[in-house]
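Trainee: I'm new to this structure and would like a close look at a single part, the sheet. Could you walk me through it?

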Amino acid sequence: MRILEIAQGWDADQIDLDAGVRFGPAFDIPFFSPTGQQRTRAFSVMFDPFVRGQVRLGNNRVVFAEVGGSEPAIRGGLSLALR
């Protein structure tokens, strides 16, 4: 979106589109009585490519939706600024 803002003078302050990769440790522990084998496999290294779009609303609120490679594949949320 910043490319459109620079090239054509478009106002990209309200909308943003990001692509990236998360990489790091991941823990997956079952809630109900995990077996020894499940506890052994609880740690793994996460590699999660994602695409996220967000829209800035009034009063410093941001709504976002994200599609990624790890479960859950579709995520969304609302971010509130504390001041």
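Mentor: Let's begin with confidence: pLDDT is the predictor's confidence in each residue, from 0 to 100. The protein chain averages a pLDDT of 78, and 70% of the residues score at least 70. Within the chain, confidence is highest in strand S3 (residues 61-68), at 90, and lowest in helix H2 (residues 36-40), at a mean of 64. Where pLDDT is low, the predicted coordinates should not be read in detail.

Two bits of housekeeping. This is a predicted model, where local features need pLDDT of at least 70, side-chain atom pairs count only at pLDDT 80 or more, and totals for chains, interfaces and linings use all residues. Residues are numbered from 1 along each chain as its sequence is written, and side-chain values use heavy atoms, with hydrogens and water left out.

Now the sheet. Helices (H or I, at least four residues) and strands (E, at least two) are DSSP runs, numbered from the N terminus, and two strands pair if DSSP finds at least two bridges between them. Here, four strands make an open sheet in the order S1-S2-S3-S4, with antiparallel pairing. At its edges are strand S1 (15-27) and strand S4 (74-80), each pairing on one side only. From one strand to the next, the twist averages 25° (axes are lines fitted to C-alpha atoms, for helices over the stretch in contact, and angles run from 0 to 180 degrees between N-to-C directions).

Take S1 and its partner, strand S2 (residues 43-57): they pair in the antiparallel sense over 13 bridges. Leu57 stands opposite Arg61 in S3. The two strands form a hairpin with three residues between them, and Asn59 in the turn has a positive phi of about 60°.

Finally, the surface. Buried means under 20% relative accessible area, exposed over 50%, and partly exposed in between (1.4 Å probe, protein chains only). Leu17 is found in strand S1 and is exposed, with a relative accessible area of 52%. Leu80, placed in strand S4, also counts as exposed, at 54% relative accessibility. Leu17 and Val55 are 38 residues apart in sequence, yet their C-alpha atoms are 9.0 Å apart in space.
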